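Here's a quick briefing to read alongside the model. Have the sequence and the coordinates open as you go.

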Amino acid sequence: MNIETVTTQPFSDQKPGTSGLRKLVTAFEQPHYLENFIQSTFDSLENYQGQTLVLGGDGRYYNRQAIQTILKMAAANGVGRVKVGQGGILSTPATSCVIRQSGAFGGIILSASHNPGGPDGDFGVKYNISNGGPAPEKVTEAIFARSKVIDHYKIVMAPDIDLDTLGESQIGEMVVEVINSVADYAKLMESLFDFDRIHQLLTGSFRMCMDSMHAVTGPYAHAIFEQRLGAPAGTVQNGIPLEDFGGGHPDPNLVYAHDLVEVLFGENAPDFGAASDGDGDRNMILGRKFFVTPSDSLAVLAANATLVPGYREGLAGIARSMPTSQAADRVAAKLGIPCYETPTGWKFFGNLLDANQATICGEESFGTSSNHIREKDGLWAVLFWLNILAVKQQSVEELMQDHWKTYGRNYYSRYDYEGVESDRANTLVANLHAQLPTLKGKKFGDRKVEFSDDFSYTDPIDGSISQNQGVRIGFTDGSRIVFRLSGTGTQGATLRVYLEQYEADPTKHHLDPQEALADLIAIAEEVAQIRTLTGMEKPTVIT
Ligand code: VG1
Ligand code: CO
C-alpha cells in the first residue's frame, strides 16, 4: 500500500459546533483543510484499526470529493472496512442505523444539515461514535485540540472508488463496501410501525404530501411511502437529492418549506404534509391548514406511543432540549415517567438513551426520535404521525386539539435573528449576563421573574458538566424566555429567542401564538434590547 505522509499546518478554526464542523465550501476547499480535520479525528480515537467505519452524506456539493479523500485516509490509518452509501448518499438517521447494525466503531456524516449547499453554500463533517450517535463533547474537544497542533496526515495514493456500483473493492488492505443507502433503514422502520395499517390509510381517501426539499430523504421517502406503503406516485415532491438543493434552504419550517405550506394551506389541501431537512434528521408536520409546533409534536408522539407497535410497552422516559417547550413534561407527568432537560444538540441525548432512561427525545428545532437509533429522525417522525392517525382516524387538527384539552396548551414560538455581527451578538449576551443577578423578583406587567440563569447541565449518567447553554428567564406563571447563540451557522452570529407560555383554559386554545405571546415578546425586547443591539427591526425567521 502506497501510504504518503503529508506535511501540513494547523487551522485555528476547526472547533465542532452544535452538530459537527460546519464551514463554507470554500473553507473546505483550502488545501489540507478537510484532511487536517479527518486526521485529527483519527488521531483522537483508539482501537479502530481493522474495524468498520460508516461513511456517507446528504449529497451536497463536495460530498463525493470528500468521500474519496476520506476513504484514502481511512485506508492509510488502518481502518479495516468502510461501508459507504451508494452515490455517497446516507441520511443522518440511516448512518446511525448502519453504525449500530454493523457494529462499526463509528461513522462520518458529510452534511451541513439545513444550511444551503452548492459551491457558495456550506459543507460539514460530523463524527459519530459506536452507539450511532454524535460524538460527545469530550471527543469533539479532543479533535479540536488535535487540530490545533497537527503537522502531518496520512493518505493512500490510489485511484478513486466507483461509488455508484454496489459491492466491494479495496484500497490497499481496506475493503470499501458500497451499500444500498435505504435498505437497512427501511427495514428498521418496518419493524417499528404498523405498515399494514399505514398502507390502508395511504391507499384510501387520505391524502399526504411529502417534501424532501431536493435533499437526502428523497430516495428513502420514495422507497417507504410510495413503494412500500402504497402512496400514489407524486406523493414525494422534490425527491431527488441535488448538490445545491435546487438553490433552496433545506430547512423544514414555515419559511423555507413555503411550497409545502402553500399546498397545505391552499384550496383542496391534502390531509397531511411533511418535510425534512438536508440530512434527513428534521421533520415538519402539517395538517390541513394546520401547523404542528415541533414541541407539541414531541408531546403528541409520547402521549400516543403505545398505539405504535415499536412502543407498545410504553416509554421509560422522555428527554427534551432546554429551549423546547414543556408540553412533553406534562405528558411525562401524567404517564408517571421522568422528563429530562438537556442542552441543545442531539449529542446530549445519547447517554440517556444508552442507559434506557429515556425512550423518546425531541428538540423545538424540528427534531424528534427515539432509542431505535442515536440521531434525530425525520421520516421516523412522519411514520409515527401516520401510524397514530391511522389508528385514531382523526385529522391532525382534531388530534392536536384533543391533546390540548387533556394537557393544556404550551404556546410557543422561536425568533431567529440571522447574520448578526458577532460583536453585537456577544454584547447582547454579555448584557443579559450582567442582568441575571438582578432579575429575580422583578415584575413585568403581571409577570414576576421566578429565576434567571445561564443553563448548566450535569449529565446524569457520566456526570459531565456543560455550562453556558442558554440564558433562561422563568416567570412564576410558568412562562419562559430563552436566549441562545446558534452553534451551527457559518457566517456572523444567529441569535435565537425562544418564547413559551402555558394556557390551561380550553376556550383560549385557538389563539395565534404571536398574539398569545405578544406580552412575552415585548418583555424579551425590553430585557435584551434586541432591536438596538442587533440593528435588526425584526427576526429573519419566526417558527
Ligand atoms: C440547531 C438547533 C438544534 C439542533 C442543531 C443541529 O442548533 O437549534 O436544536 O440540534 O441545529 O440540527 P443551533 O446551535 O444552531 O441552535 V441539524 O438538523 O442542523 O444537525
Ligand atoms: Co439536520
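This is a predicted model: local features need pLDDT of at least 70, side-chain atom pairs count only at pLDDT 80 or more; totals for chains, interfaces and linings use all residues.

Residues are numbered from 1 along each chain as its sequence is written, with chains lettered from A and ligands numbered from 1 in the order in which they are written.

- You'll find Thr488 in the loop between strand S25 (480-485) and strand S26 (493-503); strands are DSSP E runs of at least two residues, helices are H or I runs of at least four, and both are numbered from the N terminus.
- Leaving out residues up to four places away in sequence, Thr488 touches Gly17, Thr18, Ser19, Arg22 and Ser113 (contact: C-beta atoms, placed from the backbone, within 7 Å).
- Pro16 is 472 residues away along the chain, yet its C-alpha atom and that of Thr488 are separated by 8.9 Å.
- Ligand 1 has 18 residues around it, and Thr18, Ser113, Ser365, Ser486 and Thr488 come nearest (near: C-beta atom, placed from the backbone, within 6 Å).
- That shell around ligand 1 splits into one nonpolar, twelve polar and five charged residues (nonpolar: Ala, Val, Leu, Ile, Met, Phe, Trp, Tyr, Cys and Pro; charged: Asp, Glu, Lys and Arg; polar: the others, Gly among them).

**A four-stranded sheet**

- Four strands make an open sheet with mixed pairing, in the order S16-S15-S17-S18 (strands pair if DSSP finds at least two bridges between them).
- At the edges sit strand S16 (339-342) and strand S18 (367-370), each pairing on one side only.
- Strand S15 (residues 318-321) and strand S17 (residues 360-363) run parallel over three bridges, and Ile318 has Ile360 in S17 as its bridge partner.

**Domains**

- The protein chain divides into domain 1 (3-181), domain 2 (185-407) and domain 3 (409-542), with bounds from an automatic or database domain assignment.
- The contact between domain 2 and domain 3 takes 20 residues from domain 2 and 19 residues from domain 3.
- Helix H12 (350-354) and helix H14 (396-407) each supply at least two residues of the domain 2 side, and H14 gives the most, with three residues.

Key:
Two residues are in contact if their C-beta atoms, placed from the backbone, lie within 7 Å.
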